[in-house]
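Here are my notes for someone opening this entry for the first time. Have a look at the picture, then go through the points in order.

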Amino acid sequence: MTRPVVCAALGLEARALAHAGPPVVRTGAGPARARRAAARLRDADGLAVAGFGGALDGRLRPGDLFVATEVRGAGPPVPCPSAEPLAGLLERTTGATVHRGPLVTTDHVVTGRERAELAATGAMAVDMESAPLAAAGDRPVAVVRAIVDTPDRPLLSPATLTGGAAALRRLRTIGPALRAWADAIGPRRILLASPRSFCAGVERAIEIVERALEMHGPPVYVRKQIVHNTHVVNDLARRGAVFVDELDEVPPGAVTVFSAHGVAPAVRDEAGRLGLRVIDATCPLVAKVHAEARRYAARGDLVALIGHAGHEEVEGTLGEAPESTVLVQTPADVAALPADRPVAYLTQTTLAADEADALAAEITRRFPDARGPHTDDICYATTNRQRAVARVAREADLVLVVGSANSSNSRRLVEVAEQAGAPALLIDGPADVPLGRLRDARAVGVTAGASAPPAVLDAVVAALRGLGPADLVEREVTVETTEFTLPKEVRP
Ligand code: SF4
């Protein structure tokens with residue numbers, strides 16, 4: 001086997017790609033030359049094709065980039081599962097609009113009706129070399145085309161000159177991304193942490209919104225993000241959920257869902273004043289912490305809430321007994337607690353257990369009689385995902401945590417993996433798979449926060465598997481069986 005190669009049909013393309021990129025093999029233009037080049041490159045352990053291309057879809061404009069998710073030609077389609085990480089890297093490094101979709105290879109320039117017929121098959125771009133090159137071996141394949149011509153600006157029209165110039169400028173920017181893709185190719189072990197992804201509280205919250213949409217029809221208003229994940233929120237928004245920051249954005253009497261993170265009593269009161277039809281998706285384990293806050297405050301305790309300022313769950317819990325509750329984030333916060341009454345402490349459900357333990361120890365050192373649940377408030381799902389990621393981190397060169405940037409439990413998984421000895425990154429989806437970090441990562445741990453959908457994690461794993469032979473291994477620390485019942489408003 002040899003290292004992956006990057007191919008281009010024309011000398012002009014090859015010179016543009018070589019700009020800060022990997023060496024480029026010139027294949028010559030058209031499928032026949034591409035076929036002969038494919039025979040010469042049979043032993044390459046990965047193959048990227050790049051150069052100019054034509055758009056079949058009117059949304060692609062001259063100078064845009066196109067990354068093929070599948071290459072269609074005379075034989076069976078060739079999938080390109082590493083398309084998303086490459087497209088994501090191109091977006092971040094070139095500033096281009098990057099489209100993804102099927103590409104078709106033809107043996108002649110297509111125009112007019114033929115172009116429309118190809119577009120009707122779902123293909124979004126066309127070239128004349130990729131299919132023979134992609135079909136020549138069972139190895140990672142990538143295709144990147146800089147768009148020259150479009151359905152309304154066909155080749156050999158006056159616009160070809162400006163479209164070609166825009167595409168050439170774009171090609172000169174993609175070399176580093178192609179190099180990162182080529183460097184990432186290689187065999188690796190993928191270590192899947194288990195449990196991972198959705199917890200029972202998140203599944204319940206999403207199901208509540210889905211059922212509310214079914215029962216009442218759109219729009220269904222949701223205060224704050226139902227769970228902290230962009231994919232979940234975007235999917236529900238497409239189906240008719242309207243996410244608002246505050247209740248004054250909701251029309252009177254509308255169906256309104258409170259998110260899994262819970263709300264303060266003042267928010268419930270406001271919903272009552274506005275006559276909203278509320279369905280509460282607060283996770284029962286968050287509701288348990290709220291109930292503890294009320295109980296401690298009612299008996300005259302000062303409630304020290306271990307958590308992170310600004311998180312919605314913390315704001316909700318603080319709101320249960322605002323006169324009696326103090327947020328504790330550091331040892332200095334513990335030292336500043338007033339000593340005029342008994343102290344009890346509670347914990348945000350999604351903290352790292354070590355961090356919560358350390359602050360709880362500070363509290364009990366200063367107030368030996370302090371009452372608290374120790375780490376019991378940190379929910380089963382957070383605990384299990386932290387144990388599982390620590391387990392894979394001990395064997396991994398790199399850990400990828402699937403989750404959105406505002407997901408507290410996902411960010412804690414990154415910290416736990418790093419404490420267990422592996423560099424770790426939070427990624428929102430397959431477009432964030434860090435090609436530049438994979439070169440030396442022969443064992444990659446993968447997990448997902450409690451709010452990240454399993455399908456997104458699967459797409460990340462598929463992208464990794466598209467970068468070379470992969471040995472997929474699961475490391476399971478426990479089996480979860482927790483389920484929560486739905487609130488009566490949406491029960492079948
Ligand atoms: Fe509930 Fe824990 Fe899931 Fe949060 S992470 S929704 S507290 S089960």
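1. Domain 1 and domain 3 have their C-alpha centres 44 Å apart. The chain is split into domain 1 (5-184), domain 2 (188-196 + 381-476), domain 3 (200-284 + 485-490) and domain 4 (291-366); these bounds come from an automatic or database domain assignment.

2. A word on what you're looking at. This is a predicted model, where local features need pLDDT of at least 70 and side-chain atom pairs count only at pLDDT 80 or more, while totals for chains, interfaces and linings use all residues. Residues are numbered from 1 along each chain as its sequence is written, and side-chain values use heavy atoms, with hydrogens and water left out.

3. For the overall picture, the C-alpha atoms fill a box of roughly 85 × 50 × 40 Å along the principal axes. The chain comes to 18 helices and 20 strands (DSSP runs numbered from the N terminus: helices are H or I with at least four residues, strands are E with at least two). Of its 492 residues, 56% count as buried. Buried here means under 20% relative accessible area, exposed means over 50%, and partly exposed is in between (1.4 Å probe, protein chains only).

4. Now for the charged surface. Arg 15, Arg 26, Arg 33, Arg 35, Arg 36 and Arg 40 form a positive patch. Patches take residues with over 30% relative accessible area and no salt bridge, joining like charges within 9 Å and nonpolar side chains (Val, Leu, Ile, Met, Phe, Trp, Tyr) within 5 Å. Lys and Arg count as positive and Asp and Glu as negative, with His and the chain ends not counted; each charge is placed at NZ of Lys, CZ of Arg, CG of Asp or CD of Glu. Which helix gives the most to this patch? That's α2 (residues 31-40), with 4 residues. Arg 26 sits in strand β2 (residues 24-26) and counts as exposed because its relative accessible area is 53%.

5. There's a nonpolar patch on the surface too: Val 109, Leu 155 and Leu 156, with about 320 Å² of accessible area together (Shrake-Rupley method with a 1.4 Å probe; for residues, only the protein chains shown count as cover). You'll find Val 109 in the loop between β6 (98-105) and α4 (112-120). Val 109 has 45% relative accessibility, so it is classed as partly exposed.

6. How many salt bridges does a search of the whole structure find? It turns up 30, each being a side-chain nitrogen of Lys or Arg within 4 Å of a carboxyl oxygen of Asp or Glu. Among them, Arg 100 pairs with Glu 91 at 2.8 Å, N to O. Arg 100 is partly exposed at 23%, and Glu 91 is partly exposed at 34%.

7. Another bridge joins Asp 301 to Arg 299 (3.1 Å, N to O). Is Asp 301 buried or exposed? Asp 301 is buried, because its relative accessible area is 1%, whereas Arg 299 is partly exposed at 38%.

8. Glu 395 and Arg 391 also form a salt bridge, their closest N and O atoms being 2.8 Å apart. Elsewhere, Glu 210, Asp 235, Arg 238 and Arg 239 are linked in a salt-bridge network.

9. Last, look at Tyr 296 in helix α11 (residues 284-298). Tyr 296 is buried, with a relative accessible area of 7%. Tyr 296 and Leu 346 are 50 residues apart along the chain, and their C-alpha atoms are separated by 9.7 Å.
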